[in-house]
There are 2 protein chains.
Amino acid sequence: MQGGIEVDRELSWGANYTPRRGWFHSWSNLDLAETRHDFAALKDLDLDHVRIFPLWPLLQPNRTLIDSAAIDNVLAVADAAGDAGLRVSVDLLQGHLSSFDFLPAWVSTWHRRNIFTDPLVVDGQKALARTLATELATRAHVLGLSLGNEIGQFAAPRHPETFHTTPEEAYAWNRDLLDTLTDAFPHGCHQHCFDDNLWFVDAHPFTPRAAVELGAETTIHSWVFGGLAQRFGNDSPKLPHFSRYLLEIADMWHRAFQVPADRTVWLQEIGAPSPWVSTERAPDFLEQSMRAAHGYANLSAVTWWCSHDVSRDLADFPELEYTLGLVDSEGNAKPAGERLREIIAADRRGEFTSQPTEATSPLVVEGLSLDATNRSLTGPDSDICAEWMTAACKGIYRRLELGS
Amino acid sequence: MQGGIEVDRELSWGANYTPRRGWFHSWSNLDLAETRHDFAALKDLDLDHVRIFPLWPLLQPNRTLIDSAAIDNVLAVADAAGDAGLRVSVDLLQGHLSSFDFLPAWVSTWHRRNIFTDPLVVDGQKALARTLATELATRAHVLGLSLGNEIGQFAAPRHPETFHTTPEEAYAWNRDLLDTLTDAFPHGCHQHCFDDNLWFVDAHPFTPRAAVELGAETTIHSWVFGGLAQRFGNDSPKLPHFSRYLLEIADMWHRAFQVPADRTVWLQEIGAPSPWVSTERAPDFLEQSMRAAHGYANLSAVTWWCSHDVSRDLADFPELEYTLGLVDSEGNAKPAGERLREIIAADRRGEFTSQPTEATSPLVVEGLSLDATNRSLTGPDSDICAEWMTAACKGIYRRLELGS
């Protein structure tokens, strides 16, 4: 690959915080000394922010009971991050983490109610949003909130217990809950987030329109196991371009819905999942993915998934989840973590060169509907994706355009 | 009703402990001062024991992670009961409480596995059983453990997310987990327990055979809302006889399976649910139910459901759950609590007279199969139940017999 460009903006670098001891179950039994130790390791990698994930059933075990001690725990972890010199973004409703679902009993089994449309459930979520956002707003080191980690997957066709929701309902849910956060925390940067089903699955009620119109910025979760690696092969040279492909997908929808040209995109999750990315290739995959993303002018931040490997003492995680960390389960920086530190240092010196952007070579997605009911035209199995990836491997990132 | 008998045995009197503040969500944020306050109120009613209910997802958030702090909380509550002069029975797997289900994420949605038959899940349950039973065995005030509050309902046809289980599998699960408890806590009195679906629903994989053959004693949960009140009417004079009907049902199966004649029965749950029992009738219903049960010679204990009313601050409980307490949500003894105290005092003086037992008038259940596949022949809607209740209202408790 020849050439390269230098983009003139301050990029923020961070990690999705997965507590080293006890994973997110540590919320039940919080040990702040452990938290501080974890954050020190991340600061040592020169990260500037973390994204944190409370568990919904602990925050709100009953619809009308917001546990003040659980709220205090979130504030304590956020403040520990601040003390370590890290800014913090907080995900509200978990919801879903690394294959495990955490729904409170009051929306499950005998009490099953749609978490996106049931008025009482949504009122409960808003009460929690107000409570947590009001507290977090008092912290200068808190950036804002996301609605919940990929929570839209509870409405996705593939979920084993789908809450059936229309696109209009999903849009309204995102909009109204973001408004609640903004009311309580006006200076915060609040988002909603989703896996790439939103961009690529025709029947998903969470839509590109919601992705690009709602929230302070558009978010991207870049995972090559969603079809790309299966199509092109493990360790394919196409894989590190996927982050940029998703950024260009978002950019296409930005233009389609005529959002302000300066709307930024947060690459909120990206990781190197084994075996699609082999362990020894993880640092190179990370660097190449960063170069690919870095050239996108409206990129605001990159947040690696994840901070710490899940301990093998914990059972039943998908195999890939045990090795995604920048830091291992003993607390030692891994090669991917070291590589990220080098990249951040280079970027801060203005010496991290991006892959080139070729804006003069549009790739038109013929027939793509604004309502996204045929968005699989751009999915990892599509002709468009293959054509885009072929050019990418020749150093050209084509600009995606909706056909007429 | 004429006559009455005095049964010569020491009956144990207690309550199912429903924490006054925060219900069972208080486990997440345990305030032992509150616990001690609650237990003092129960001791003030002259109770001698409580049954307590940890939440499974807190004890074991991951299959291989037993949270030592959550175990410590159970021990602390058990010890607070001991300090108050109350003995304690602990339910292992909640599981289910007052319409809410609490299953850990590692057996739910993406990780759904049968909690009665999946070998890894059952191994995890046994690890928890060993851990908790080993600790509880060191406490003289701990009576033993039950496997989990009505946990068999997760295999019942009526559950919205039934774990399909055969009678053989259900029997083996009960047996093996009870063996695990006994190995770890040999001097404990361990049981399994169930709602009356076990006695009356033909397709239920948890069977009368398991009820009467497994565990240190047979348990009974007596709830008139399971069909009896719907059939005979709210506040029907038949309702207080239901506890005794269930005891006679258990006794019939004892004889059918030739269990030792001295096998005791614990009336582990009985309550006065509104509107089937009107609020002003609750104390009389309690007293009449106690008289009805008291005459059953092998009764070992009565445990009222429940200790404390659920606070109206908590949402989404079925209406009846807010008013079942002996003590209200402000901490004041209710008329039912006062009445129970009087009964206990009379019983300890040897002055509490039971309803008579008429053992000379057998009622034969023709065609009832030992495998219980037609056990609805004895259900609240059955002719047998109606005939038994008619005699009961004339002062005769007929002995139920399997037909040939």
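Two strands are taken to pair if DSSP finds at least two bridges between them. In this predicted model, strand 8 (residues 265–270) and strand 9 (residues 299–304) of chain A meet that requirement, being joined by four bridges and running parallel. Within this pair, Val265(A) stands opposite Leu299(A), a residue of strand 9 of chain A.

The pair belongs to an open sheet in chain A, whose seven strands follow the order 6-3-2-1-9-8-7 with parallel pairing. At its edges lie strand 6 (142–146) and strand 7 (218–222) of chain A, each of which pairs on one side only. Neighbouring strands of this sheet are turned against each other by 25° on average, if direction is ignored. Across strand 3 (87–91) and strand 6 of chain A lies helix 4 (residues 119–136) of chain A, which runs at about 165° to strand 6 of chain A.

Rolling a probe the size of a water molecule over the atoms shows where empty space is left. Here the count comes to five cavities of 30 Å³ or more, and the largest cavity holds about 710 Å³ of space. Which residues lie nearest the centre of the largest cavity? Among the 38 residues that line the largest cavity, these are Pro57(A), Phe102(A), Leu103(A), Pro57(B) and Leu103(B). Helix 2 (56–59) of chain A and helix 2 (56–59) of chain B each supply at least two residues of this lining. By class, the lining of the largest cavity comprises 23 nonpolar, nine polar and six charged residues.

Definitions and conventions
Residues are numbered from 1 along each chain as its sequence is written. Chains are lettered from A and ligands numbered from 1 in the order in which they are written. This is a predicted model: local features need pLDDT of at least 70, side-chain atom pairs count only at pLDDT 80 or more; totals for chains, interfaces and linings use all residues. Side-chain values use heavy atoms; hydrogens and water are left out. On a 1 Å grid over the protein atoms alone, a cavity is a set of points where a 1.4 Å probe fits but cannot get out, and a pocket is an open set with protein on both sides within 12 Å along at least five of seven lines; lining residues have an atom within 4 Å of a point. Grid points are joined across faces, edges and corners, and a volume is the space filled by probe spheres set on the points. Ala, Val, Leu, Ile, Met, Phe, Trp, Tyr, Cys and Pro count as nonpolar, Asp, Glu, Lys and Arg as charged, and the others, Gly among them, as polar. Axes are lines fitted to C-alpha atoms, for helices over the stretch in contact, and angles run from 0 to 180 degrees between N-to-C directions. Contact means heavy atoms within 4.5 Å.
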